[in-house]
Amino acid sequence: MSALNDTILTWILLVPLAGAVLIALLPDRGKLSAWVALLTALVSFGFTLHLPAHFIVGQPGFQYEINTPWIESPAIFYHVGIDGLSLWMVVLTGLLAPVGVLASWNAIKERRKIFYSLFLVQQTAMFGVFVSLDLMVYYGFWELSLVPMAILIAMYGRKDGAKAAVKFFLFTFIPSAPLLVAIIWLYARTGTFNFSELQMLVASGSLPAGALFWAALAFLFAFAVKVPVFPLHGWLADSFSEAPVAMAMVIAGKLGLYSMLRFHVSLFPVQTREVAPVMIALTVIGVLYGACLALVQRDFWRLIAFATVSHFSLTTLGIFGLTLTGRDGAIYQTLNEGVIEGALFVLLGVLDTRYRTSQIASFGGVAAKLPRTASFFVITVLAMAGLPMLNGFVGEFLILSSTFTEVSKGWAIAATFTIILGAAYVLWLVQRLFYGPESQMSANTPAPDLRVNEWVALVPLAALMLVMGVAPKFWMPSIERTVTQPQVKQTAQSPRFVSVTPLHEETAP
């Protein structure tokens, strides 16, 4: 077991990559590529489950850590490890891999070999982002995550995939240039890419404050586009409309939010405090803006895109409120959104492939023909709307309550409108798609209900929505005991933040 603990992160990175190579070498016959991808995804997910099973809650620092020299000059190390923040991100990525394969089982009919090979490369890149502790290794995985996504959007776009792919690539690649410059500047001043060492050097005040602010801003810009934070969301609606279901699950949110917590908030605490008021204002605007635009959409992919802007803006509010409770809520809500969006994209993919349209007005009365699809859809959108007893409620409550009591009552009240608007657009969507008078398309188009592969993908996600809603204690202890932002001490002169201490000290929220 000790030997496996020492190499488990390497196995998690290598298994999907090996699966991608194997698929690339095999002939493109029938569903052979899909079966290999499913087996690879299940093995990979099994390895990720080893992490929480042997994770020591409360142990400071990173666990399962590997730190091996890779390139002598510049000094780049194969340095990976996880803590309570990255632990569940890795597990969530592992879970969504077989879900993505199952969702694509009947939807991808051409060039399966290319699709599943690139899908597994994407999985490797996402795992790498979550476990990397050397900034150059992290940057390599960060950039790698863009390539399979852009290619698959271009290849499998529903209407204009090439245009959406170019927009996605430019929006997410261009901000990476200042990120790389900032990383190189940090190395030039410190001689290291090691995250923990950089964290201590920045906290010690040994770097010039003015230049450090611009470096921090470069990090934040790259991550804010990836979330996306208003007004940097211009790529999202087209990408959601064109991306294959399996890729749409991972196209927004997790990578940007995790990176924002790990490599901006925890690496640049002073600079984070300086930009926090602006980010809070932008996130609240994004919450309301995304929800209002979702209300007027006539295409369900675009509706979900703007709903995502609203929900991830709320998560970003929890991050930049700079409170421990808000931080915990943001991490938990990121996990919630991954589960909810995974199920939602499977269900919308079912409707899209059955009826060959995503125009909401074309639907109506579908529940009579697809009762199981309708049932799962109702559960999923209620979780998305934050219904108590389902997982969406927990994260939203932590974020909004901490914002109200410790940040700003005004901003909290404004952000709370997302719950009302969110309930409005998801219930309107359910009513228009599944209930009401049966549309001509619904009446005349034969459409089977959920197939076996879709059942297998949806049942665990629906179960997780309930379990995460009623028993967050299974996830929260490891999240709470990992300090992912500067620990602060309060004084009478400054009730919120006056001093910074190194991260990864065990603390209670």
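**Backbone exceptions, a buried helix and salt bridges**

Tyr-64 counts as buried because its relative accessibility is 9%. Buried here means under 20% relative accessible area, exposed means over 50%, and partly exposed lies in between (1.4 Å probe, protein chains only). The model is predicted: local features need pLDDT of at least 70, side-chain atom pairs count only at pLDDT 80 or more, and totals for chains, interfaces and linings use all residues. Residues are numbered from 1 along each chain as its sequence is written, and side-chain values use heavy atoms, with hydrogens and water left out.

Most residues other than glycine have a negative phi, and most peptide bonds are trans. Tyr-64 is found in strand S1. Strands (E, at least two residues) and helices (H or I, at least four) are DSSP runs, numbered from the N terminus.

Leu-322 is a further non-glycine residue with a positive phi, of about 55°. Leu-322 lies in the loop between helix H15 (300-320) and helix H16 (324-355). With 6% relative accessibility, Leu-322 counts as buried.

Cis peptide bonds also occur. One runs from Ser-73 to Pro-74, with omega near 0°. Pro-74 sits in the loop between strand S1 (63-71) and strand S2 (76-82). Another cis bond joins Phe-230 to Pro-231, with omega near 5°. Pro-231 belongs to the loop between helix H10 (209-226) and helix H11 (236-242).

Helix H13 covers residues 254-265. Its 12 residues should span 16 Å at 1.5 Å a residue, and the end C-alpha atoms are 15 Å apart, which agrees. The expected span is 1.5 Å times one less than the number of residues. H13 is mostly covered, with 12 of its 12 residues buried. Among them are Lys-254, Tyr-258, Arg-262 and His-264.

Ser-44 is found in helix H2 (residues 32-54). Ser-44 is buried, at a relative accessible area of 3%. Leaving aside residues up to four places away in sequence, Ser-44 touches Ile-12, Val-15, Pro-16 and Phe-127. Contact means heavy atoms within 4.5 Å.

Across the whole structure, a search finds 6 salt bridges. A salt bridge is a side-chain nitrogen of Lys or Arg within 4 Å of a carboxyl oxygen of Asp or Glu. One of them pairs Arg-262 with Asp-83, the closest N and O atoms being 2.6 Å apart. This pair links distant parts of the chain, 179 residues apart: Arg-262 is in helix H13, and Asp-83 is in the loop between S2 and helix H3 (84-103). Arg-262 is buried, with a relative accessible area of 1%. Asp-83 is buried too, with a relative accessible area of 1%.

Lys-167 forms a salt bridge with Asp-238, with 2.7 Å between the closest N and O atoms. Lys-167 lies in helix H7 (residues 161-173) and Asp-238 in helix H11, so the pair ties together parts that are 71 residues apart in sequence. Lys-167 counts as partly exposed, at 25% relative accessibility.

The side chains of Arg-327 and Asp-328 also meet in a salt bridge (2.3 Å, N to O). Arg-327 is buried, with a relative accessible area of 0%. Asp-328 counts as buried at 2% relative accessibility. Salt bridges that share partners join Lys-167, Asp-238 and Arg-302 into one network.
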